[in-house]
Amino acid sequence: MNPTLHKFSLEAGGSHYPSINPKMQEAFAKLIIEKCAELASQPSSYPYDSYADMIRAYFNINNECSTSN
């Protein structure tokens with residue numbers, strides 16, 4: 001698994017679910033990343049103030065769910 005994706009998987013609790021297929025986890029993460037890249041390549045428009053807001057809205061995630069390093 002990609003080291004960055006592996007790190008995120010562990011942060012999300014992946015170490016507690018060893019039966020989850022790492023290749024499936026990586027494929028899932030790659031789909032999310034590709035969608036984020038697609039959204040970021042579009043012109044940001046109303047009602048979003050930033051690409052981050054547009055991506056959060058697409059995935060229906062609010063700021064309180066975000067993690068910071």
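This tour visits salt bridges, one stop at a time.

You are looking at a predicted model, in which local features need pLDDT of at least 70, side-chain atom pairs count only at pLDDT 80 or more, and totals for chains, interfaces and linings use all residues. Residues are numbered from 1 along each chain as its sequence is written, and side-chain values use heavy atoms, with hydrogens and water left out.

How many salt bridges does the structure hold? There are four, a salt bridge being a side-chain nitrogen of Lys or Arg within 4 Å of a carboxyl oxygen of Asp or Glu.

**Stop one.** Select Lys7 and Glu11. Their side chains form a salt bridge, 2.9 Å from N to O. Both lie in helix α1 (residues 3-11), four residues apart, so about one helical turn separates them. Helices here are DSSP runs of H or I, at least four residues, numbered from the N terminus. Lys7 is partly exposed at 40% relative accessibility, and Glu11 is partly exposed at 44%; partly exposed lies between buried (under 20% relative accessible area) and exposed (over 50%), using a 1.4 Å probe and protein chains only.

**Stop two.** Now pick Glu26 and Lys30 in helix α2 (residues 22-40).

**Stop three.** Stay in helix α2 and select Lys35 and Glu38, which are three residues apart. Their salt bridge has its closest N and O atoms at 3.0 Å, and Glu38 is partly exposed at 38%.

Notes:
Helices (H or I, at least four residues) and strands (E, at least two) are DSSP runs, numbered from the N terminus.
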